[in-house]
Amino acid sequence: MDTRFDRYEIPAGHETRFLAKLDAATRPQRRQNVLRWSALATAAAAAILAFVLIPAGNRHFLGAHTPEAVYCAYLDKVGAYYEQLGTSGATEAGDWEAALTALTNETIPLFDQLPEEMSRREKVRVLKRYYGDLLDGAERLQQDWNI
């Protein structure tokens, strides 16, 4: 089956006009792909930057903005470790429990020892650092003993 392109000579400049139209039709799609990739790269960079800039201990307390909230979050996480320990059935659970108790047990919690004159913001910072380090240690214990 012959078409007009097979029978007749293509008019002068037709190929140039055709390629210009084709390029114009595909350019927005390329631009969208570039925009998508750049947005994705920006989001990934922001996530990495946030992970690097947030001090290690603070990742345990992202929603806590008061000293009370930090302490409650700490107690919740320690309680979750003990619950996980109880359901693990590991043979070394007694040793892990002793290590966790030695790490997290406080005669007088730091929360109660902070001076009244200290600002709430400073108390939050101190508590996040202290309890964050304790939770990091408990996390390392858990990973070392596969509980």
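Which pattern does the protein follow, read along the sequence? The pattern is α-α-α-α-α-α. This is a predicted model, in which local features need pLDDT of at least 70 and side-chain atom pairs count only at pLDDT 80 or more, while totals for chains, interfaces and linings use all residues. Residues are numbered from 1 along each chain as its sequence is written, and side-chain values use heavy atoms, with hydrogens and water left out.

**View 1. The whole protein has six helices and zero strands.** Helices (H or I, at least four residues) and strands (E, at least two) are DSSP runs, numbered from the N terminus. Of the 147 residues, 24% count as buried. Buried means under 20% relative accessible area, exposed means over 50%, and partly exposed lies in between (1.4 Å probe, protein chains only). The accessible surface comes to about 11,000 Å², and 58% of that belongs to carbon and sulfur atoms. Areas come from the Shrake-Rupley method with a 1.4 Å probe. Among contacts with a separation of 6 or more, 70% join residues 24 or more positions apart. Contact means heavy atoms within 4.5 Å.

**View 2. Helix α3 (residues 67-88) packs with helix α6 (residues 120-145).** The angle is about 10°, and the axes are 8 Å apart. That angle makes α3 roughly parallel to α6. Axes are lines fitted to C-alpha atoms over the stretch in contact, and angles run from 0 to 180 degrees between N-to-C directions. Angles under 35 degrees count as roughly parallel, over 145 as roughly antiparallel, 65 to 115 as roughly perpendicular, and the rest as oblique. On α3 the contact includes Val70, Tyr71, Tyr74 and Val78. On α6 it includes Val124, Leu127, Tyr131 and Leu135. The residues of this contact divide into twelve nonpolar, two polar and six charged. Here Ala, Val, Leu, Ile, Met, Phe, Trp, Tyr, Cys and Pro count as nonpolar, Asp, Glu, Lys and Arg as charged, and the others, Gly among them, as polar.

**View 3. Tyr71 and Phe111 form a stacked ring pair.** Rings of Phe, Tyr and Trp (its six-membered ring) pair if their centres lie within 6.5 Å; planes under 30 degrees apart count as stacked, over 60 as edge-to-face, and the rest as tilted. The count comes to five aromatic pairs. For Tyr71 and Phe111 the centres are 5.1 Å apart and the planes at 10°, so the pair is stacked. Tyr71 lies in α3 and Phe111 in α5 (residues 110-113), so the pair ties together parts 40 residues apart in sequence. Tyr71 is buried at 15% relative accessible area, whereas Phe111 is partly exposed at 24%.

**View 4. Tyr131 belongs to an aromatic cluster.** Ring pairs link Tyr131 with Tyr71, Tyr74, Phe111 and Tyr130. Tyr131 sits in helix α6 and is buried, at 0% relative accessible area. Beyond its neighbours within four places in sequence, Tyr131 contacts Phe61, Tyr71, Tyr74, Glu106, Pro109, Leu110 and Phe111.
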